Amino acid sequence: MNKMIKPVLQQPIAHVLDLGRLSNHTWSQKGRAGNSSIDTASLMKTLNSYYVATNPNAKTRCIDGRHDPEFDETKLGAQIPGGAPGAALAYRLGIDEEDLTRGTFYSDAEMMIDSYLRLGLSPGGHRDDSSEGEAMGCGAIDKMDAILVNMTDPSLVEDHTRLVKALLDGAFDRDDYLRVLGAGLVLCSRSHDYLAGRGETLNLLEQKAPHSVAVLNGPHQEALVVVNLVPGTTLTSNRFADDHHGVQAFGYDLWCSKQLAEMLFPLPSQMVDRHRFVMAQVIITIATLMTLTDGSQRLFVRAPTV
Ligand SMILES: [Zn+2]
């Protein structure tokens, strides 16, 4: 009997959308500039080739595009702002039932790291090779006070709303959005107290999960932002920069925020919390970009092809 040989169809699993510049305004005078020499048309064709499968046992990564000397393409974790400790801020702004006028980022980060470990996830974070003193070398955490300010800055709110809406698309909920912004404003009023001791966060992470803190090398050269919606995939940041003369990309795996929300809040009664957590992570990601960049970077979305 002849075996039927079925042709294997090479269907693309993802397509790339170009959403243009982050903004026409200048967000931060000190922020990193984009790179106008980036060829958008060729990027649209090649970007997919820089995405690889995540390794479920690999530590969470930050959205930072810099070089990681211990990078292994077969052992990459997903990217969210500030890594696992960064997710603590989303919990505080989106979920926390307690009084926003109490608590610290350090204790929130400890709770988030413990949750990761309890759920069998691998928390991760990073420093860089030039950080000293209180600064850890992770902009998402070192500049968290400015991120909270920018989240509700009246001059930035139009850009902020537009971008959060674009990333969440049909899942954007106006009430949740305003609720998280309101929580950000309250927390901003006491950010000095809330953020006291944050410099110890990565020591805590390393202590609870050995080898979970990467040390990224060299200067920032992020010229674009890619928001990835394809579950189980992530940007191979080192290879991208190597192939583009050192030009780096911020990578945000939005699918990971959704997956994390499903694991942290699995019960049917926690549906609202799941949505608010994802909303808070997207809000924080945009406010982080508003703090770290001048707004001239180009924004791409990598979406599943159905
Ligand atoms: Zn970082």
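**A strand pair and its sheet**

Author: Leu224 stands opposite Ala249, a residue of strand E7. The model is a predicted one, in which local features need pLDDT of at least 70 and side-chain atom pairs count only at pLDDT 80 or more, while totals for chains, interfaces and linings use all residues. Residues are numbered from 1 along each chain as its sequence is written.

Strand E5 (residues 222-228) and E7 run parallel and are joined by six bridges; two strands pair if DSSP finds at least two bridges between them. Strands (E, at least two residues) and helices (H or I, at least four) are DSSP runs, numbered from the N terminus. E5 and E7 belong to an open sheet of four strands with mixed pairing, in the order E1-E8-E5-E7. Strand E1 (14-21) and strand E7 (248-253) are the edges; each has a single partner strand, so one side of each lacks a neighbour in the sheet. Neighbouring strands are turned against each other by 25° on average, direction ignored. Helix H11 (residues 254-264) packs on this sheet, where it touches E5 and E7, and its direction makes about 30° with that of E7. Such a touch is a contact, with C-beta atoms, placed from the backbone, within 7 Å. Axes are lines fitted to C-alpha atoms, for helices over the stretch in contact, and angles run from 0 to 180 degrees between N-to-C directions.

For the setting, the protein has 12 helices and eight strands, and 44% of its 306 residues count as buried. Its C-alpha trace spans about 70 × 45 × 40 Å along the principal axes. Among contacts between residues at least 6 apart in sequence, 81% join residues at least 24 apart.

As to confidence, pLDDT is the predictor's confidence in each residue, from 0 to 100. Its mean for the protein is 92, and 96% of the residues reach 70 or more.

Definitions and conventions
Contact = placed C-beta atoms within 7 Å. Buried ≥ 20, exposed ≤ 12 C-beta atoms within 10 Å, placed from the backbone.
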